[in-house]
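Subject: Structure for your review

Dear colleague,

Please find below the structure that I am handing over to you. My notes on it follow.

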Amino acid sequence: MSTPVTGTDAGLTDVDDAPDAASAHRALRDAFGRFPSGVVSACARIGGTPIGMAMSSFTSVSLDPPLVLVCVDRASSTWPKLREAGAGGRLGISVLGEAHDTTARQLASRTADRFAGLSLVDGDGGAVFVDGAAAWLECSVEEELPGGDHVVVLLRVHAHRVLEPGPLVFHASGFTTLPARSR
């Protein structure tokens with residue numbers, strides 16, 4: 001028979017008891033990082049110029065209607081531009097593949113040309129996809145919800161394509177890959 005443990009008896013770190021906010025955020029980020037997540041890009045062509053970003057908070061939500069979810073930092077200067085593109089047109093969500101670890105870092109950069117040297121594929125309504133991705137989803141913004149320091153964004157999927165490589169995975173602050181699996 002096991003003995004129930006709770007709170008600090010279980011060795012849990014209370015998020016409110018950290019000596020400072022920076023160490024509390026680092027410790028919580030480390031805990032969140034124990035769960036591997038896929039890496040996607042969200043891209044659109046606005047006025048002829050590609051705009052995009054990398055995201056590791058992505059999940060499927062619903063088949064009927066077809067919805068996926070991404071979470072975006074409220075401080076992002078890129079998301080407001082993409083929001084506008086996805087409200088009147090389409091966003092290209094690329095599930096980044098096994099060869100895209102450098103691409104993910106480049107698309108997450110705040111200073112470099114995010115699209116330098118990348119091979120892109122244009123979709124309908126302004127959507128832009130990263131060539132060589134594991135999957136493409138052509139989406140529009142369905143709804144935004146507050147989520148603390150992030151915005152939770154529901155995207156409606158209008159079209160999709162499954163491609164060959166295995167997905168890129170973000171885990172413990174680093175990238176790894178999973179092999180492609182056939183059905």
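Is Cys-139 buried or exposed? Cys-139 counts as buried because its relative accessibility is 0%; buried means under 20% relative accessible area, exposed over 50%, and partly exposed in between, with a 1.4 Å probe and protein chains only. Cys-43 is likewise buried, because its relative accessibility is 0%.

Please note that this is a predicted model, in which local features need pLDDT of at least 70, side-chain atom pairs count only at pLDDT 80 or more, and totals for chains, interfaces and linings use all residues. Residues are numbered from 1 along each chain as its sequence is written, and side-chain values use heavy atoms, with hydrogens and water left out.

The confidence of the predictor in each residue is given by pLDDT, from 0 to 100. The chain has a mean pLDDT of 84, and 84% of its residues reach 70 or more. Where pLDDT is low, the predicted coordinates should not be read in detail.

The chain contains three helices and twelve strands; these are DSSP runs numbered from the N terminus, helices being H or I of at least four residues and strands E of at least two. Of its 183 residues, 36% are buried.

The largest nonpolar core has 23 residues, of which Met-55, Trp-79, Leu-82 and Leu-155 touch the most other members. Such a core is a set of buried Ala, Val, Leu, Ile, Met, Phe, Trp, Tyr and Cys residues joined through side-chain atoms within 4.5 Å. Strand β10 gives this core its largest share, four residues. Leaving aside neighbours within four places in sequence, Leu-82 is in contact (heavy atoms within 4.5 Å) with Ala-42, Cys-43, Ala-44, Ile-51, Gly-52, Met-53 and Leu-91.

A second, separate core of eleven residues includes Val-39, Ala-54, Leu-118 and Leu-168. Leu-168 lies in strand β11 (residues 168-171) and counts as buried because its relative accessibility is 1%. Between Leu-168 and Val-95 the C-alpha to C-alpha distance is 7.8 Å, although 73 residues separate them in sequence.

Finally, how many disulfides does the count give? The count is zero, where a disulfide is a pair of cysteine sulfur atoms within 2.5 Å.

Yours sincerely,
A colleague
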